[in-house]
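The exercises below are meant to be worked with the sequence and the 3D view side by side. Try each task before reading its solution.

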Amino acid sequence: MNILCLQLARFGDVYQTWPVLNALRRTHPTANIHLVVRERFSGATVGLSAVNKIVTLPTEFILRPLISGHARVESSLQNLNAWLKELQGTRYDQIINLSFSPVSSYLTDILAGPETEIRGYSRFSDGFLNIVDDASSYFYAQVGIDRSNRIHLTDLFGLVAGVELCDGDFATEASLLPDALATQLPKCEYVVVHLGASDKNKTCSIEKWGEVIERVLEVWAGAVVLIGSAEDNRGSARISNRARVIDLTGQTNLAELFSVIRGAAALIGGDSVALHIGSLTKTATLNVSFAAVRFWETGPRAKGSRVLWFDDPSAADAARIARELIAMLQKTRTGHPIILKEEDFGVLYSLVGYEEEDFAWSLTRALYMSSAFPTTTSSSTILAFQRLTELGQLGVEQIRSIEKGKDNKLATSILDQIDDLVEQVGKLSEDVAPAVRWFRAEKTRIGPGEIEGILQSTERLFSKLRDIGQLYSINQKLNDNLNRENLTWKS
Amino acid sequence: MSREELETHLSESLEKLEAATERMAKTQGYVVAETKKMRMLIELVKEQLRNEHTLSSASPVR
């Protein structure tokens, strides 16, 4: 069996795909598994033993003729064709696209044969986006920084790939460090501090990390190992010039970080590639997280890990971070708000002292996971659902009108406007936004075909939208009409 | 090459690509392999213009 997996996002996403690849290998021990990654992020595949072949997408090579000043489209197409040949020589039984992007959807469509089972994004025969499976539809609609999903990305990747992850899928093989690095590691217990991240809004400043380290070393006898890029190294000297601090910034490649992090008592850092390595080496991690990141989706997975959340890096409290790290090392609690990693799969974290609005997530669970629809007393939310009911019913009426052959042009125009209005309702009410996104995603999944089939599928979808909204309209009506006489205490 | 020059070249290329792809799609349809590859090229260029190739799986672009 030949399986192709596409992961065209960044370092962290490649590492978050490792468990899925390990699971594919475990469930298909004799399969030929290929992985496509971007050339720039191929360093994150070193040490990945589950795949037979890694193919890198050479974006710069493909686009070079277009940026030379003469926009040579034919040459660029030739370069793309030359690269595709490497993959088109294999007939893939399954293509698993874990990239969720337009580029990956076209690549999947180009490489898929008539018998290929596709998971993830692809294209319909008319060129429009084809969201093949339910898990990918969930991803399309509900995953991202401004949304309410709480399922970890690695588990979502597993769902798309059709594999059930287990603890063993998060293991990696130990590798030796070069002597030059191994001799620098402390002989005593140490924690690893990752100074950097891909975005400065995802980590603390160097000075703040310095303050955290100073406070930790005042009360803890172990050592601190700093890791980060060459750019982090330019600032690390300001904080590493003290006893029991070893500065490895700019000295390690990604594969070597596995050994450094595996040997640590704990890892601490922002949302970064080191955090995902920590999940694979099973190193307890204190993730200092901010509003620019959705920790539910990309937080640490190792047992004993925690997330400490602040609005932004300027709000990060060094004393609090240091206290939490010490508590984590001692397996105690500080008594202050913290987010604990408690489950192994799915929704991993429990909020202790933090609050996050629950309605949107509860609605998401109702739409996709057969949970009960959440109640609300918010009049604006109820009104938004009433609008969805009305728009759903209007949509059903227009479809029936078209089916009867009446006023097709008018009905089609109204249907277009309904789509816009549903979108507007979602923008006005955050609470109903998951339902609006669900509707949009499912509408996208209605592909080209016989007109009768398309009309039936669209009518079913509008009916479902109407019914979901009606749950809240009916509740409100019952509430308003309930006779309250004889309900109160009699003296 | 400066970022502005790069963006100018890419924008010009994008226009050419989109025009060529539209002609191809009109005469041969989407299902032809070359049209699919042109569409993939278009999206690769758009990624560069949006700095999108560095975004994560959970980025909002669809």
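**Exercise 1: two helices in contact**

Helix α8 (residues 206-219) of chain A packs against helix α9 (residues 230-240) of chain A at an angle of about 35°, with the axes 9 Å apart. The model is a predicted one, in which local features need pLDDT of at least 70, side-chain atom pairs count only at pLDDT 80 or more, and totals for chains, interfaces and linings use all residues. Residues are numbered from 1 along each chain as its sequence is written, while chains are lettered from A and ligands numbered from 1 in the order in which they are written.

Task: find which residues of α8(A) meet α9(A), and describe the crossing.

Solution. Begin with the terms: helices (H or I, at least four residues) and strands (E, at least two) are DSSP runs numbered from the N terminus, and axes are lines fitted to C-alpha atoms, for helices over the stretch in contact, with angles from 0 to 180 degrees between N-to-C directions. Next, take two residues as in contact if their C-beta atoms, placed from the backbone, lie within 7 Å. On the α8(A) side I206(A), W209(A), G210(A) and I213(A) take part, and they meet G235(A), S236(A), R238(A) and I239(A) of α9(A). By class these residues divide into 4 nonpolar, 3 polar and 1 charged, where Ala, Val, Leu, Ile, Met, Phe, Trp, Tyr, Cys and Pro count as nonpolar, Asp, Glu, Lys and Arg as charged, and the others, Gly among them, as polar. Finally, the crossing of α8(A) with α9(A) is right-handed, that is, the near helix is turned clockwise from the far one by less than a right angle.

**Exercise 2: a sheet and its helix**

Task: give the strand order of the open sheet of 5 strands in chain A, and name its edge strands.

Solution. The order is β3-β2-β1-β4-β5 (chain A), with parallel pairing; two strands pair if DSSP finds at least two bridges between them. At the edges are β3 (53-57) and β5 (117-119) of chain A, each of which pairs on one side only. Strand β2 (residues 32-38) of chain A is joined to β3(A) by 5 bridges, and H34(A) has K53(A) in β3(A) as its bridge partner. Helix α1(A) lies across β1 (2-6) and β2 of chain A, at about 170° to β2(A).

**Exercise 3: domains and chains**

Task: describe how domain 1 of chain A touches domain 2 of chain A, and how many residues each chain gives to the contact of chain B with chain A.

Solution. The domain assignment, automatic or from a database, gives domain 1 (2-168), domain 2 (179-352) and domain 3 (364-480) of chain A. Here 20 residues of domain 1 of chain A are in contact with 18 residues of domain 2 of chain A, and the largest share of the domain 1 side, 5 residues, comes from α1(A). Between chains, the contact takes 30 residues from chain B and 35 residues from chain A, and the largest share of the chain B side, 12 residues, comes from α2(B).
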